[in-house]
Amino acid sequence: MILRLSGLAGLLLLAEALPRLGLVADLPPASRILAALADEAGTAAFWTAVGDTLTAWALGLAIAVGAGVAVGVLIGAVPTLRAWTASTVEFLRPIPSVALIPLAVLLYGTDLGSTLLLVVYAAFWQVLVQVLYGVADVDPVADETARSFRLSPWARLRHVLWPTALPYVFTGIRLAAAVALVLAVTAELVIGAPGLGSVIAVAQSSGALPTMYALIVVTGLLGVAINVGARYAERRFLSWHQSVRAEPAR
Amino acid sequence: MRRLIAGLAVLTLAAAGAGCGSDDPGAGSGGADKVKVGVIPIVDVAPIYLGQQKGFFASRRIELTMESGQGGAAIVPGVVSGQFQFGFSNITSLLVAQTRNVPIKVVANGVASTGQAGKDFGGVTVRRDSPITKAADLAGKKIAVNTLKNIGDTTVRESVRKAGGDPAGITFVEMPFANMPAALQAGQVDAAWVVEPSLSAVTAAGGRVVAWNYVDAAPDLTVAAYFASTKLIADDADLVKRFTDAMNESLSYADAHPDEVRAVLGSYTKIDPKARAALTLPKWPTAINKVSVETLAKLGEQDGIFAGATPDLTKILP
């Protein structure tokens, strides 16, 4: 742990020294950025922005996960459907979410809706693709066994498909959680939807560099928190699964 | 599975919520109309924030919300689609929209140049040690503007032309105003057209202004205006009139109270107090200077900004 934190301390030292030595123009020293961060943390507007960003993130992620799992299980479980939709998925998936910004603005202006559209679009494919892999990974012997025991489709979904797919679902959620934050901040930054991104843009256009960097640091911290949270949830909900059980032994 | 059903429920709710995204402005509390205005969070729009603080809108039964788009790009479509009832945009962008038959019309003045060389809120700047000393020297150079094919490049070309230089060889580079002081310092561009507060940042770092492009383009140039969709103007003329009245009162008040303007800047920008005290404020007349708008239209046409079309000023101006 101490070794890990030393990396952070080194980075802070570097970020303090480089601007003071005049090696990087227009980057305030770390101490000034931290001071600006402390100032920001004392304002209500800052916490509203953090709340807006987290709302867009959580709502977008929830919709993407819900839709990704539902669509993924449906498509994955019905081979014909999988064959029909394969080309559609492969066509839509690589479209960068940010390319939808003009569409988002036309539909929702600078509201939360615009951010959600971008977040959901980006996060949905992460979940869907993982679910499809998960469904494809079902052991045919187990599936056949369940069939010969005349388990209902529902019971097979519950007891055969779902436990196999769940680790994939969590991988999808973890990937989607990170992507969702990136897209939430991007949408706010570019479109001006309320949240940390738009506050960063205002700080930038105001020439308030320490504040701008302080807010960027906050988005980084949110990213770390989200990643740690997702890993924790994964370990907790998959404690029965060998991929997680084996981890401490490694 | 219960989680899955919950997910589906969330999805359905979201879809239902999305459906009411473009609701018309409903009557708010106390019979006031809820009005959303698309603005760019810069110095130019200080009067509307000040007017809101002073109650000029509330007294006309308007409940104002400012939505900040990061540029005209989000504001014009927002007004057309009814997300915003009013928007703020520079004149050249409005003229471009007009040549494309976008159904919008100006309802109030936005911001104007001070008309004084040496004391305007925007200008073309160079580094302290630059060999460029006058507007004519900008010919053939690389100049930063915030948006290509817009009010920046067209007025800068006019400055060069008026100074006897040939603007044809200028390369314009697009970058946000806030990045320009650093780009200038790093030598990425030969000159940069900046407005406040970036203008103060450049001069504080020793930079010089070599051309006052707004001043050169036309006396007392109208730079930007507030506009609405022609649909709103036809459907709710009373609301538009109340907005225009409130806006005019705000503009006059802001023009007469620079200290209050500097104070209100702290409420919606992050310009630090020292910079707020030092920056050059624009002018906020209530009248739109039609002659200057004609000049911008002519310059834009000359520079090929309207893709060969001629803007019809009677359709865009009130």
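**Exercise 1. What percentage of the 318 residues in chain B is buried?**

Solution. This is a predicted model, in which local features need pLDDT of at least 70, side-chain atom pairs count only at pLDDT 80 or more, and totals for chains, interfaces and linings use all residues. Residues are numbered from 1 along each chain as its sequence is written, chains are lettered from A in the order in which they are written, and side-chain values use heavy atoms, without hydrogens and water.

Step 1. Set the cut-offs: buried means under 20% relative accessible area, exposed over 50%, partly exposed in between (1.4 Å probe, protein chains only).
Step 2. Apply them: 53% of the 318 residues in chain B are buried.
Step 3. Chain B has an accessible surface of about 13,100 Å², and carbon and sulfur atoms hold 53% of it. Areas come from the Shrake-Rupley method with a 1.4 Å probe; for residues, only the protein chains shown count as cover.

**Exercise 2. Which residues touch the most other members of the largest nonpolar core?**

Solution. Step 1. Define the set: buried Ala, Val, Leu, Ile, Met, Phe, Trp, Tyr and Cys residues joined through side-chain atoms within 4.5 Å.
Step 1. Name them: among 97 residues, B:Val37, B:Ile48, B:Tyr226 and B:Phe243 touch the most other members.
Step 2. Find the main contributor: helix α10 (residues 237–256) of chain B gives this core the most, 8 residues.
Step 3. Follow B:Ile48. Leaving out residues up to four places away in sequence, its partners include B:Phe57, B:Leu64 and B:Met247.

**Exercise 3. Is A:Leu5 buried or partly exposed?**

Solution. Step 1. Locate A:Leu5: it sits in helix α1 of chain A.
Step 1. Classify A:Leu5: its relative accessible area is 48%, so it is partly exposed.
Step 2. Identify its group: A:Leu5, A:Leu8, A:Leu11, A:Leu12 and A:Leu34 form a nonpolar surface patch, together about 470 Å² of accessible area. Patch residues have over 30% relative accessible area and no salt bridge; nonpolar side chains (Val, Leu, Ile, Met, Phe, Trp, Tyr) are joined within 5 Å. A salt bridge puts a side-chain nitrogen of Lys or Arg within 4 Å of a carboxyl oxygen of Asp or Glu.

How values were computed:
Helix = DSSP H or I, 4+ residues; strand = E, 2+ residues; numbered from the N terminus. Contact = heavy atoms within 4.5 Å. Patch = residues over 30% accessible without salt bridge, like charges linked within 9 Å, V, L, I, M, F, W, Y side chains within 5 Å.
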